[in-house]
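I opened this entry to look up charges, salt bridges and surface patches. The structure goes in here before the notes.

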Amino acid sequence: MRKFVFNFQEGSAAMKNLLGGKGANLAEMMRIGLPVPPGFTVTTEACSRYFKEGEKIPEDIVEEIFAHLGELEETMGKKLGNRKNPLLVSVRSGAPVSMPGMMDTILNLGLNDESVEGLYESTGNRRFAFDCYRRFIQMFSNVVLGVEHDKFERIIESVKRKKGVEFDTELDDRDWEEVIKHYKDLILKETRGEFPQDPRKQLMMAVEAVFRSWNNQRAIIYRRINKIPDDLGTAVNVQSMVFGNMGNDSGTGVAFTRNPSTGEKHFYGEFLLNAQGEDVVAGIRTPKNIEELKELMPEVYEQLINVSNLLERHYKDMQDIEFTVEKGKLYLLQTRNGKRTAQAAVKIAVDMAKEGLITKKEALMRVSPEQVASLLHSRIDPSAKVEIIAKGLPASPGAAWGQVVFSPDEAENLGHQGIKVILVRTETTPDDIHGIVAAQGVLTSRGGMTSHAAVVARGMGKPCVCGCDSISIDYVNEEFKAGGITVKKGEVISIDGSTGNVILGKVKMIDPVLSEEFKELLCWADETRKLSVRTNADTPKDAEVARNFGAEGIGLCRTEHMFMDQQRLPYVQEMIIAETVEEREKALSVIQKFQEEDFEGIFRAMEGLPVTIRLLDPPLHEFLPKEEELVEEINELKQRGEKELLKKKQEVLKRVRSLKEFNPMLGLRGCRLGILYPEIYDMQIRAIFNAACRLAKKGIKVLPEVEIPLVSNVNELKKLTERVHEIAKRIMEEEGIKVEYKVGTMLELPRACLIADELAQYAEFFSFGTNDLTQTTYGLSRDDAEAKFLPYYINNKILNEDPFIVLDRDGVGALMKIAVEKGRKVNREILIGICGEHGGEPNSIEFCHEIGLDYVSCSPFRVPVARLAAAHAVLKERLK
C-alpha cells in the first residue's frame, strides 16, 4: 500500500521529490542527530491527489494523517487540543524546489479557548499563552479563512495606542485577551462564522490551505520566473511547536553558514529574543546581528557555530538555517541550500572547490549561466527604494537611468554632451541606431524580446525594456503616460532590463566587478567545454569587449549595421535610388572605403581568430525614409517652393514605393539581393579582401569567413561562392599575398536545412540563423507574435517557452539535426555553428552541444554565459 505520510525519522535528504525540500532536510537533520522537534510530512503525491480529487483530501490520506498525529502525541506526551497538556504544531509547506515565502505557514495550531488555558497552566506564563493564541488566530484566519492580514494588524495598533506603548512586546496577557476578542469579532464579520475550535478540524483545514497555496498567484509567478514545473506539488510538514516567545531566554532567528551577499566564509544571520519565526521574516521588529547572540547566549551561539559547520560539510553547500531557542535549548526548524547573490555564488563555489569540499566540476554546476549574466551589467541596488510606474519585457539585462528623450537625434546630441539619456520609442528601427548607441538604455512600448531594440541593446550590453504596452507615448507633446503619471522629456527615469521595471527618478546602481574567482571559474569552464564560443560583433569596440570576455572569434558580423552610420546613410540612399549600374557603383565606391575601415578594425581586434562576415541581408527599403514622412516633407517643400530638393525627395519617394513589398522579410533580401544587384555584394567582397590583404602584409593574421545569407537553392550558393573565390583570387594576386579564408552560408530557411547535403558541396561552413529559422518554421512574424499572442500562448501552456528565446528543439531543432547529418555526410570537415540569439541562451547551447555543433556565437556580454553553459552541457551529459 502506498504511503502518503512519513514521520521525520523515516525520511532522508534523498527523498526530496516525495517529502519536499523542507521535509527531506528535517528528516536528514534528525537522522544525523541534530535537535529537530518531532513531526511528520504529508507527501507531494498527496498534494497531487488532492488536486485530482477536485481539491479534496481523500479519506485514506485523512486516516493516515491522524494515525501519524497519534504517534506524534505519544512521542511528545501531549494531545492536540488537550485542556491540561496541549500539543501545538506548525503546519508548513515544502516544495521539492525551494520557493521561499511563496506558500503558506501556520504556527501554534491546536489552540482554542480551552487549550490556551492549558498552555498557560503547563508553562506558568499567561502572557506567552495568549500571545501564541492571537498569533494562531491571525495566521489561520489569513491563510485558511482569507481574512486580510492588515485588518488584524490594525487591531493590534489600536490596542497599543490605547495603552500608549510602541512595541508588541509591551502588551501583557490582558491586552492580548482584548486583541483576541476583537479578532473573533472581525472573523465573524468577515466570514459569517465563528473561529473553529476543534483542533482536528483546524489541522485538516490548514493542510488543505497549504496544498491550495501551491497555486496562489505569487507561487505561480515564482515558478514561471524560475522555470519550476507546475506539477511537482508541495508537501506539508506538521511539526511539534517549540517556542521562542517564552521570555528573554528564548528567541528565534535565521543564519547562513556564509555571507549570502558576498560569499565570504563568515557566519551570518539575525535573531530576535522573545519572538516567533514570523517576527523575523515579516519585519515586525528589527532583528539583531547574530554576533550579539555570542554575548547574550554564549552556549547557544557555540552550538550554532558547530551545527553550521556540520551542516555545510554534510550538504557540501552554503546552508540557510532557521532556529528557535526555547528556555535556553536550541532547536533546528529548517536547513536548505541558501539563496545567494551572483557574486556570492561564484565565490562560494570557487572557495569550496579550493577547500576540498567539492570538485571543480561541482563548482561549475553551482553557478548558473543566468547568475553569470547578471554579473556583467550594472544593476539596481537591492536596498534602494523605488517607485515602479510600468512593467514591460526584460529584453536586455542591466539597469540604467537618464533623462527621457523621444528622438534618436536628440539622444545622440545629448549623449555627446555627456548627458545620460533613456531613449523612449514606440519601437526602434535600424535608423535609430545612433540614438541607441548614445543612450544609457532603451524603453519601447511595442516589440518583443528579440525585436530590433532588444537585439541591438543586448549586443551593446545596454539595458532594454521592450513591449511596455502600459505606457502611452505622445511624440507631439514629448511625453509618455503610465497609469496616472505623466513623464515629460528631460525628466529622469530608471529602467531595469533584468525585470522589465520602469522606475520614476534616478535609483542607486551597483557597478559590475569581475572578481578573480569569476575569472578562475570561467577558466575551469574552458577546460571542460567542447563547444567553441564566438561573438556577434559589428564594430571593433564590440569585438574587443567580446575578446576580453573570452570570445574565440566572431560568428556573425552584420554588415548592414555598418551602413546605418549617419555619415554613410546618404551614400547608401544614393546607391539605392540610382537608376543605372554606373550611378550605383559610384555611391558604392564611397561606401567601400568605409567598409574597409570597419573590417580592418574588426580584423585587428580579432587578430588570429576567425571572423564571419555576413553579406548584406535586409531589404533595401529599410535604409530609406518612411513613405509617410517623405510625403509630409514633399508637401512642405512644395509650399516653400524648394524645387531642387523637392525633385530629389520625389525620386526617393518613387524608389521607396517601387521597393515596397507585402512581406519584406520573405522578399528581396539576402542572397537574392546579391544576385539581382551583384555590384553590392562585389563591393563588400572587395572590401573584405582588401582589408585582409592590407593587414596580412603587416604581419597581422586574419581569418575571414564570407557568409552568404538566406540561401534556399544550391544554385544561389554556387553562383555567389564562385564570385567570392573569383574576387578573392584577383585581389590576392594583385596584392601578392595569400590570405586563408572560408566561404559558407547561413541556414535560416527550412529548405536550406533539408538540402544541406547539396549546399555542403560548396560551403565550407554552416551557421544557423535561428531567429529567421524560427520565424519561417513557425510561419509567424517575431515582433507581431510577441506583441499579439505569444504571451497568451506561454501563460496558458500552449507553448512552454517563447521559441525566440529558447530554441524549439522539436521543430527548429529537428531541422538543425537534419542539416548537421546531411552536411557532414558530404563534407566531414564542414564547420557548423549557430549565430542567432539562441547562441547565448543556456538551454539552447545545451542542445547545440548535443547535436555536435562546433561553436555558438552570441552578443559580447553573453560570451561568459555561453562559456559556462557549454561546460554545463558537457557535465549534464555525463550525468545522463
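Predicted model: local features only at pLDDT ≥ 70, side-chain atom pairs only at ≥ 80, totals over all residues.

For the charge count I take Lys and Arg as positive and Asp and Glu as negative, leaving out His and the chain ends. I place each charge at NZ of Lys, CZ of Arg, CG of Asp or CD of Glu. On that basis the protein has 118 positive and 135 negative charges, and their mean positions are 1 Å apart.

Source notes. Residues are numbered from 1 along each chain as its sequence is written, and side-chain values use heavy atoms, without hydrogens and water.

Overall. I looked up the extent of the C-alpha trace, which is about 105 × 65 × 50 Å along the principal axes. I find 36 helices and 33 strands, where helices (H or I, at least four residues) and strands (E, at least two) are DSSP runs numbered from the N terminus. Of the 880 residues, 57% are buried; buried means under 20% relative accessible area, exposed over 50%, and partly exposed in between, with a 1.4 Å probe and protein chains only. I get an accessible surface of about 37700 Å², with 49% of this area on carbon and sulfur atoms. The areas come from the Shrake-Rupley method with a 1.4 Å probe, and for residues only the protein chains shown count as cover. Contacts (heavy atoms within 4.5 Å) came next: of those between residues at least 6 apart in sequence, 69% join residues at least 24 apart.

Salt bridges. Side chains of opposite charge can pair when their charged atoms come close. My criterion is a side-chain nitrogen of Lys or Arg within 4 Å of a carboxyl oxygen of Asp or Glu. I count 57 salt bridges by this rule.

I checked Asp230 and Arg223, whose closest N and O atoms are 2.8 Å apart in a salt bridge. Asp230 is partly exposed at 35% relative accessibility, whereas Arg223 is buried at 1%.

I then looked at Glu312 and Arg258, which form a salt bridge at 2.7 Å, N to O. Glu312 sits in helix α12 (residues 298-315) and Arg258 in the loop between β8 (251-256) and β9 (268-273), so this pair links distant parts of the chain, 54 residues apart. Both Glu312 and Arg258 are buried.

Next I looked up Arg824 and Asp854, a salt bridge at 2.9 Å, N to O. This pair ties together parts 30 residues apart in sequence, because Arg824 is in helix α34 (residues 812-826) and Asp854 is in the loop between α35 (842-850) and β33 (855-858). Arg824 is partly exposed at 22% relative accessibility, and Asp854 is partly exposed at 27%. I also noted one network, in which salt bridges with shared partners join Glu117, Arg126, Asp173 and Glu177.

Patches. I build patches from residues with over 30% relative accessible area and no salt bridge, joining like charges within 9 Å and nonpolar side chains (Val, Leu, Ile, Met, Phe, Trp, Tyr) within 5 Å. Glu579, Glu582, Glu583, Glu585 and Glu651 form a negative patch on the surface. Helix α23 (residues 581-605) supplies its largest share, three residues. Glu579 lies in the loop between α22 (569-577) and α23, and is exposed at 63% relative accessible area.

I recorded a nonpolar surface patch of about 390 Å², made by Phe789, Tyr792, Tyr793 and Ile798. Tyr793 belongs to helix α33 (residues 790-795) and is partly exposed at 31%.
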